[in-house]
Amino acid sequence: MPKRKTEAVVETNQDVQNLFPAENQPKPLFSFDLGNGFCKVRSAHMSAEYRSIYGVLSRRNTLVNVADRLVIEFDGSRYVFGDDVRLLCDTEPTALTSRIRYTSDRYRLLFASALWRTFSSRVSEGVLYPRGVISIPVGEFNVQKDKEVRQLLQGDYAIHGLNETTLYAQIRLNDLIIIPEGLGTFWLAAFDAEGKLFERYARGSTAVVDIGYYTTDVVLMQDGVYVVGAAQSADIGMGTVAAAVLEELRRQGAYGLDVWQIDELLMQKAVT
């Protein structure tokens, strides 16, 4: 694999640290929801979402400009993320739907794609030290899972783009905050732009129902504070609906679509 350059030839994050001292690098903030259906990423300067599906980039020549797609090289392989998997890969899309996803190296891969999507415009700044929030289903949210997820995601990242640039990042254990899904939704609605809690949420009880792709999560807030032990999660969501529709279409002899394409069509129908 050819060596990539920042301002000099570098091979490790330590090499980049020597070029760009950590004390000169402010910590960029992020919020990631790496869900079963979508990855939703946000920073101070951008907001985006893409399907939580991926595949290995095809070796076949293509007329598609892959530089315009979410494609990265990570741990020696080139991966495509989102709906472009069908266009740029030789295999069916892969999704992480198991409960063990939060301790899987594939989850770390998904996290790397989110880092690239969020911070690839800052590759010239040397090593980044992001600090942020990641949400997981409330059924998985506990002290042990918090520890496991943060331990999985911590460490050095060298994420290569196909334009010969590399994003270097170091994720530190104390810079990751794990929250239950639904809590971020509450924060978004309950706080103003200056971070002040709206009065209507500061008193009384609030319930947030987060209907995701594979899970539906319910969190309870009391006077703006998360009620520990009151949250509930069920393994049912919009993916359940999409799977049922797909099964019915195949029963009628209709083939050629996968469950994620069905879900996209259902979303479009709901909007229109």
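The side chains of arginine 150 and aspartate 146 are joined by a polar contact of 2.9 Å. A polar contact is a pair of N or O atoms within 3.5 Å; within protein, one of the two must be able to donate a hydrogen and the other to accept it, and residues adjacent in sequence count only if both atoms are side-chain atoms. The structure is a predicted model, in which local features need pLDDT of at least 70 and side-chain atom pairs count only at pLDDT 80 or more, while totals for chains, interfaces and linings use all residues. Residues are numbered from 1 along each chain as its sequence is written, and side-chain values use heavy atoms, with hydrogens and water left out.

Arginine 150 belongs to helix α4, which covers residues 143-153. Helices (H or I, at least four residues) and strands (E, at least two) are DSSP runs, numbered from the N terminus. Arginine 150 counts as buried because its relative accessibility is 17%; buried means under 20% relative accessible area, exposed over 50%, and partly exposed in between (1.4 Å probe, protein chains only). Not counting residues up to four places away in sequence, arginine 150 touches Leu173, Asn174, Leu176 and Ile178, where contact means heavy atoms within 4.5 Å. Helix α4 also holds lysine 145. Lysine 145 has a relative accessible area of 13% and is therefore buried. Its contacts, neighbours within four places in sequence left aside, are Tyr102, Thr103, Ile136 and Glu140.

The chain as a whole has eight helices and 15 strands. It consists of 272 residues, of which 45% count as buried. Among contacts between residues at least 6 apart in sequence, 63% join residues at least 24 apart.

Valine 80 lies in strand β6, residues 77-81. Leaving aside neighbours within four places in sequence, valine 80 is in contact with Ile53, Tyr54, Gly55, Leu57, Leu70, Val71, Val85, Leu88 and Cys89. One of these, leucine 57, is 23 residues from valine 80 in sequence and 5.8 Å from it in space, C-alpha to C-alpha.

Aspartate 217 is part of strand β13, residues 216-222. A polar contact of 3.2 Å links its side chain to that of threonine 215. Beyond four places in sequence, aspartate 217 touches Pro137, Val138, Gly139, Glu181, Val208, Val209, Asp210, Gln232 and Ser233. Serine 233 is 16 residues away along the chain, and the C-alpha atoms of aspartate 217 and serine 233 are separated by 4.4 Å.

Most residues other than glycine have a negative phi. Aspartate 75, which is not a glycine, has a positive phi of about 55°, and a positive phi of about 55° is also found at aspartate 223. Aspartate 75 is placed in the loop between β5 (71-74) and β6, and counts as exposed because its relative accessibility is 67%. Aspartate 223 is placed in the loop between β13 and β14 (225-226), and its relative accessibility of 37% makes it partly exposed.

In soluble globular proteins, nonpolar side chains tend to be buried together. A nonpolar core is a set of buried Ala, Val, Leu, Ile, Met, Phe, Trp, Tyr and Cys residues joined through side-chain atoms within 4.5 Å. The largest nonpolar core has 39 residues, and Phe111 and Tyr157 touch the most other members. Helix α3 (residues 105-119) gives the most to this core, with nine residues. Another core lies apart from it and has twelve residues, among them Ile179, Leu183, Ala190 and Tyr201.

The largest pocket holds about 1,200 Å³ of space. On a 1 Å grid over the protein atoms alone, a pocket is an open set of points where a 1.4 Å probe fits, with protein on both sides within 12 Å along at least five of seven lines; lining residues have an atom within 4 Å of a point. Grid points are joined across faces, edges and corners, and a volume is the space filled by probe spheres set on the points. The lining has 41 residues, and Ser31, Asp33, Lys40, Gly184 and Thr185 lie nearest the centre of the pocket. The elements that give two or more residues to this lining are β1 (29-34), β2 (38-43), β3 (47-51), β8 (131-136), α5 (183-190), β12 (205-211) and α8 (259-271).
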